[in-house]
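Visitor: Can you walk me through this one? Keep it short, and give me the cut-offs as we go.

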Amino acid sequence: MNKYTFSLYIQSEMEKETEQIQRKDLIADWQSLMRTFIRPEDDASRSTLIKYMEQILFGLNDFLKKHVGITEEISLKELSEKFTESRINKNPEKKLAQVITDLIENIAPHAVNVASPYFVGHMTSAIPFFMVHLKTIAAALNQNVVKLETSKVVSIVEKQVLAKIHRLIYGKSEEFYQEHVQNAQTALGCFTEGGTLANATALWVARNALFPPKNGFNGIEKEGLNAAYRAYDTTRCVLFVSKLGHYSFKKAAGLLGIGNQNIIEIDMDENNRIHIECLRKTIKEIAPKSGKTRIMAIIGIAGATETGTVDPFGKLAEICAENNAYFHVDAAWGGPTLMSEKYRHLLGGIELADSVTIDGHKQFYMPMSCGMVYFKSPTIMDNIAYHASYINRPGSVDLGIKSIAGSREASSLILDNALKIMGTQGYALLIEHGIETTREFAQEISRRPDFQLVTRPELNILTYRICPESMQKKLLQADAAEKRTMNDRLNRINTRVQRKQREAGKSFVSRTTLRFGKDPRDNMVVLRAVIMSPLTSIEILKDILDEQEELFKRL
Ligand SMILES: Cc1ncc(COP(=O)(O)O)c(C=O)c1O
């Protein structure tokens, strides 16, 4: 594990003096400015660049191990005290060689080593090294896919990759894809910055599809919410999602003017899937009450953030059909499971959704940041089309016409080529490793007397907690008040163990709070593991449990 010392960060007085002398020579003149557009300024810069870039490009794993820390030896407060400058220097402060050395020696050690196989707490992990190569090339080309005039073939590539992932989800006919793959009039989806904006795009489409133009009304996008509600005799729009729904839906409901308190969170069943009967009952209670409440969307999750669980899409689609409601699936996490022949059935029914979110920077193992949203109907994105006279002309392939973003990078170049390098089989191996290692991990947790498995893995996420066998037995017999007292104690223990393990800097498992009863006080602090790195083996996971046991015993 990479360790570093605080002294690394503090410049010696001598270094500071040398830097100040150098700084005096640094002047932003036209000649040096021109050079920055053409080539590195001098041999020193070139050799520093080569020294580090060679390590990054050809030995990424070793480079990250050597330079990027996962410990928090310096507190956040101490770190923030080092970054309080709010003025920009008039003349250059540093040469490129110094900047690169600084980044690698002073910043990287304080970044988080998400590539460590012991980092199993979040949906961010090691990525294949070629992703960095592809990202570098995409940055070098600096294409702007908002319009054809700044991207040309890259926009065409984007349409192709959108069709490939659309086909993975919806599996329409060959004729369908021939018709739409390069059709300037239709769109199978779009790239976004991440899952949050992908979900927001889906709900934007859903909202506009619910309040389209009609006699005397120009549609909600033009006239706004008030006029739309008036035109459609509506007082409220609601959305349904399980209590495990990602908070991005709240942001979207806020942005779209729907009001995030109109997201109705439905309880889960014993498998942490949306409780279908509860959903039906809630719809009955809410919808017909006034006849003026309209369902904007029902949302299913393929890989809930906290538990990795998957909702029953077939049943959700039925309910959507009965209520004439838009059906969205948030597969930001679980979407790429579709590439595994062995496990794609876990997402059965996803093809019934009107739209599906998938993140590129999650299980497509792309570098930050890339999200996508796909639509069953190739024309439904017309509901959010925008034109401008200098770009995005009607009928053009300008991708900015149907996109929440304006200017944006060519993430599709990375995804398209990653798919070529990996094939669905390459990704399937990753997905299968994640699912199967998580199952093994669940067995190991159940075998150990100090631990309790809280949510069984469906994909590659599980939650558990420290809860000795004797306490597990007592909890079964305890009344509500005793249960609460014992849980409070367990919550404190799990919080402390998680924190201590993170601070020790060898491993990282995250922590979340799940509700186990109707009373808001019935909260359970659980440890959450997300197994996505192929470098994370069951032996590593056993090490992590050993360390937690050790920390628990020391408490
Ligand atoms: C299920 C789910 N949906 C949406 C998101 C939001 O994605 P992003 O962080 O890429 O905006 C996440 C992020 O973790 C997620 O787990």
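Guide: Helices (H or I, at least four residues) and strands (E, at least two) are DSSP runs, numbered from the N terminus. This is a predicted model, where local features need pLDDT of at least 70 and side-chain atom pairs count only at pLDDT 80 or more, while totals for chains, interfaces and linings use all residues. Residues are numbered from 1 along each chain as its sequence is written, and side-chain values use heavy atoms, with hydrogens and water left out.

Visitor: OK. Which helix is Thr 438 in?

Guide: Thr 438 belongs to helix H15, residues 411–447.

Visitor: Is Thr 438 buried or exposed?

Guide: Thr 438 is buried, because its relative accessibility is 0%. Buried means under 20% relative accessible area, exposed over 50%, partly exposed in between (1.4 Å probe, protein chains only).

Visitor: And what does Thr 438 touch?

Guide: Leaving out residues up to four places away in sequence, Thr 438 touches Pro 457, Leu 459, Asn 460, Ile 461, Leu 462 and Ile 531. Contact means heavy atoms within 4.5 Å.

Visitor: Switching to the sheet. What is the strand order?

Guide: The open sheet has 7 strands in the order S1-S7-S6-S5-S4-S2-S3, with mixed pairing. Strand S1 (189–192) and strand S3 (263–266) are the edge strands, each pairing on one side only. Two strands pair if DSSP finds at least two bridges between them.

Visitor: How do S4 and S5 pair? What sense, and over how many bridges?

Guide: Strand S4 (residues 293–301) and strand S5 (residues 326–330) are parallel, with 5 bridges. Ala 297 stands opposite Tyr 326 in S5.

Visitor: Now aromatics. How many aromatic pairs are there in the whole structure?

Guide: The search finds 9 aromatic pairs. Rings of Phe, Tyr and Trp (its six-membered ring) pair if their centres lie within 6.5 Å; planes under 30 degrees apart count as stacked, over 60 as edge-to-face and the rest as tilted. One of them is Phe 211 with Tyr 229, tilted, at 5.6 Å centre to centre and 40° between the planes. Phe 211 is in the loop between H10 and helix H11 (220–231) and Tyr 229 is in helix H11, so the pair ties together parts 18 residues apart in sequence.

Visitor: What about Phe 211 and Tyr 232? What kind of pair is that?

Guide: Phe 211 and Tyr 232 are edge-to-face, 5.5 Å centre to centre with 75° between the planes. Both Phe 211 and Tyr 232 are buried. Phe 211, Phe 217, Tyr 229 and Tyr 232 form one aromatic cluster.
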